[in-house]
Amino acid sequence: MTSPISHTPELTEQALTDFFDVTSNFTLRPSYEGGNISTTIGFKQVHYLIEAAVLEHFRAAGLGATTLYVEYGVGLDVVSVDTRLHTVLMLDDAVAVEVRPATRDTDTRLRFKITATVQRDGAPRKAVTTTFEVALRAIEHVENSKPVPGRLTRYVVPRLGRATPRKIAAVPVDNIDLSAQRGVTTRSGDPVLAEIIGDDNAFGWKWRVPYFYCHFTSHMQMSGFLRQMEEVLHLFVADRGIAIRRMLDERSWIPVVTKCDLRLTDEVRIEDELYTVFTIEDVFKAILFTARMDCYVVRDGALVQVATGHITHGYVTKESPERDWSLVTFDEEVLAALSGKNLTAN
């Protein structure tokens, strides 16, 4: 069975007005890739689903990503997310996503307030609430493009950010095996990571950005940083002796994220070496911990922060064959791991 192809409509003055003023509603399903543990959807793919709804809001106004790129010479970039996850999403959920324009007259980024709802026990339940901010980045190599519509002009930027460089004493070393693409961690020895971390309760990872984390033949996109956040969390708990697989095998503890925020502060280019630092900030009532992720590149001998964000993480167990989930309480081993008390000297 085939479905009709939905074409992006033409941009009109009324469509542009609706883009800024009218709430859009879409029903989407999570990506199959997101069913990593049982049939629950990870926080990264939750953001992918929300991003897809935001893209549909642009398309409905005749501002699809291809149109923006080819005709107007700008790339659509999500530059900030601030998300709460209220209910676990499952693989085959039909998720109702409401995209409400929330851009103020003084904003230089397009802002959207988004709510995702899912049916549970015959009634709608709030699954996700988030704010997405979008910039329109000028693409240098697109020729013969025309000016963007006047109402969009102030959202066009030459780059996604320009952070102030910070002096560092350490000198980067080329210790990344490109054939493996796995990078190096603080414990495997990197002077830049060691200087950034200092005495903080943190973990660091150096890694070379592949082209498939980027877009527009140019720079790393928001989804790449979300993947980075998931990866550094995975590496952190393994480094502290409480790896995801071990918690699953020994305790049936399923990792869960309840809150996440992330914003881009500068750009990362294809094959830049990215320094990611994951710092534990708080443990709440022994059921959730909050960590900060900071990402950097070294340019001209100085450290440049390119992204920063937070993630709140815990574990749940499934108490029945249906969808009843309960947060578990961290035991002494997990609390010691989170505090760094189980670390031996490097």
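Just after helix α2, Gly62 takes a positive phi of about 80°. The model is a predicted one, in which local features need pLDDT of at least 70, side-chain atom pairs count only at pLDDT 80 or more, and totals for chains, interfaces and linings use all residues. Residues are numbered from 1 along each chain as its sequence is written, and side-chain values use heavy atoms, with hydrogens and water left out.

Helices (H or I, at least four residues) and strands (E, at least two) are DSSP runs, numbered from the N terminus. The expected span of a helix is 1.5 Å times one less than its number of residues. Helix α2 covers residues 43–60, and its end C-alpha atoms lie 26 Å apart, in agreement with the 26 Å that its 18 residues should span at 1.5 Å a residue.

A residue is called buried under 20% relative accessible area, exposed over 50%, and partly exposed in between (1.4 Å probe, protein chains only). The buried residues of α2 are Phe43, Lys44, Gln45, Val46, His47, Leu49, Ile50, Ala53, Val54, His57 and Phe58. An α-helix has 3.6 residues a turn, so residues three or four places apart point the same way. Glu56 also belongs to helix α2, but it is partly exposed, with a relative accessible area of 29%. Between the C-alpha atoms of Glu56 and Asp107, which are 51 residues apart along the chain, the separation is 22 Å.

Helix α5, formed by residues 222–239, has 18 residues; from its first C-alpha to its last it reaches 26 Å, close to the 26 Å expected at 1.5 Å a residue. This helix is mostly covered, with 13 of its 18 residues buried. Just after α5, Gly241 adopts a positive phi of about 85°.

Most residues other than glycine have a negative phi, and most peptide bonds are trans. Phe216 has a positive phi, near 60°, and is not a glycine. Its place is the loop between β10 (214–215) and β11 (219–220). With a relative accessibility of 17%, Phe216 counts as buried. Ser252 likewise is not a glycine and has a positive phi, of about 60°. This serine lies in the loop between α6 (244–251) and β12 (254–264). Ser252 counts as partly exposed because its relative accessibility is 46%.

## Cysteines

A disulfide is a covalent bond between the sulfur atoms of two cysteines. Here the criterion is a pair of cysteine sulfur atoms within 2.5 Å, and the structure holds 0 disulfides. Cys214 is in no disulfide, and the nearest cysteine sulfur, that of Cys295, is 13 Å away. Cys214 is buried, its relative accessible area being 9%. For Cys295, the closest cysteine sulfur is in Cys260, at 12 Å, which is too far for a bond. Cys295 is itself buried, with a relative accessible area of 0%.

## Accessibility of selected residues

Accessible areas come from the Shrake-Rupley method with a 1.4 Å probe; for residues, only the protein chains shown count as cover.

| Residue | Relative accessible area | Class |
|---|---|---|
| Tyr32 | 71% | exposed |
| Glu56 | 29% | partly exposed |
| Cys214 | 9% | buried |
| His313 | 1% | buried |

Tyr32 is placed in the loop between β1 (24–28) and α2. From C-alpha to C-alpha, Tyr32 and Met90 are 9.8 Å apart in space and 58 residues apart in sequence.

His313 is part of strand β15, residues 302–318. Contact means heavy atoms within 4.5 Å. Not counting residues up to four places away in sequence, His313 touches Leu233, Pro255, Val256, Val257, Ile287, Leu288, Phe289 and Phe330.

## The chain as a whole

The chain contains 7 helices and 16 strands. The radius of gyration is taken over C-alpha atoms, and the globule rule is 2.2 Å times the number of residues to the power 0.38. For 346 residues a compact globule would have a radius near 20 Å, and the 21 Å of the chain agrees. The C-alpha trace spans about 65 × 55 × 40 Å along its principal axes.

Of the 346 residues, 50% count as buried. The chain exposes about 16900 Å², of which carbon and sulfur atoms supply 49%. Among contacts in the chain with a separation of 6 or more, 70% are accounted for by residues 24 or more positions apart.
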